[in-house]
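These are my notebook entries on one protein model. I record below what I looked up, beginning with a pocket and ending with aromatic pairs.

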Amino acid sequence: MSPSNESTSARFGTKQPADGTEFVISRIFDAPRELVFRMWTEAEHLKHWFGPSGFKIPVSYLNLVPGGAFHYCMRAPGGSEMWGKWVFKEIETPQWLVLINTFSNKHGNITRHPYVPDWPLELLTTITFAEQDGKTLVKIVWLPINPTPREQRVFDTMHDEMAEGWNGTFDQLAAYLTTLSN
C-alpha cells in the first residue's frame, strides 16, 4: 500500500487550484527496494548522487523522523550555493516518504527559489518505492502547497524542466548504485 496523492493532500491541508497539475516522474532502478530506500534516507549516500549534475553537497544534516529534516547545501561547479530542506511528514520504511520540500537559507528558514521568484514556497512530495522483480520503481509526485495562482502557473509551465532535472538526478543515483555493488 502507498499513500494516494488525494489522501496525502487532504491530510496535510494542501489546496490546489482546479486547473493546476501535479508533477509526476518515475524510474526503475536495478537494485533492491531496501537499498534504494536507504539511498534516499541516509545523508552519507544522498551526498553522492542527489542534486543537479556537477553539483556537490558539502553540508547536510538528516534527522529521519516525522517532523525531522534533511537540510543541505548544493554547491555548483562555479562555487555558487543553494540551500534546500525536506521536512519529513511520513516515513514508511521501505515503502514511501512524504515530505515538504522547500528552498532555504543556511539556517533552515524557508526562502524563495534563487532563480524563479514565483516558484511555490513549499511542495508536498510523495516518494514511493515499489519492488518489481528485484528492481525498484521510484515514483515522485510534487504538489504545490497552497500556491498563489501565479505560483501554480509557474509550476505548471516548468514540468519539462523539472523532468530534465529529475532525470539527471536519477541518472546519478543509478550510477552511484552501481558503485555499491562492486
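**Entry 1: the pocket.** Which elements each supply at least two residues of the lining of the largest pocket? I first noted the basis of the work: this is a predicted model, in which local features need pLDDT of at least 70 and side-chain atom pairs count only at pLDDT 80 or more, while totals for chains, interfaces and linings use all residues. Residues are numbered from 1 along each chain as its sequence is written, and side-chain values use heavy atoms, with hydrogens and water left out.

I found that the elements in question are β3 (69-75), β4 (81-92), β5 (96-104), β7 (123-132), β8 (135-144) and α5 (159-180). Helices (H or I, at least four residues) and strands (E, at least two) are DSSP runs numbered from the N terminus. The most comes from α5, with 5 residues.

I took a pocket as an open set of points on a 1 Å grid over the protein atoms alone, where a 1.4 Å probe fits, with protein on both sides within 12 Å along at least five of seven lines; lining residues have an atom within 4 Å of a point. The volume of the largest pocket is about 690 Å³, counted as the space filled by probe spheres set on the points, which are joined across faces, edges and corners. Its lining has 33 residues, and Pro52, Met74, Phe103, His113 and Trp142 lie nearest the centre.

**Entry 2: the chain.** I counted 5 helices and 8 strands, in the order α-β-α-α-β-β-β-β-β-β-β-α-α. Of the 182 residues, 43% count as buried, that is, under 20% relative accessible area (1.4 Å probe, protein chains only).

**Entry 3: aromatic pairs.** I looked up rings of Phe, Tyr and Trp (its six-membered ring) with centres within 6.5 Å; planes under 30 degrees apart count as stacked, over 60 as edge-to-face and the rest as tilted. The count comes to 20 aromatic pairs. Trp40 and Trp166 are stacked, because their ring centres are 6.0 Å apart and their planes at 25 degrees. Trp40 lies in helix α2 (residues 33-41) and Trp166 in helix α5, so the pair ties together parts 126 residues apart in sequence. Trp40 is buried at 0% relative accessibility, and Trp166 is buried at 9%.

I then took Phe50 and Tyr72, whose ring centres are 5.4 Å apart with planes at 85 degrees, so the pair is edge-to-face. Phe50 lies in the loop between α3 (43-49) and β2 (56-62) and Tyr72 in strand β3, so this pair ties together parts 22 residues apart in sequence. Phe50 is buried at 9% relative accessible area, and Tyr72 is buried at 5% relative accessibility.

Definitions and conventions:
Buried means under 20% relative accessible area, exposed over 50%, partly exposed in between (1.4 Å probe, protein chains only).
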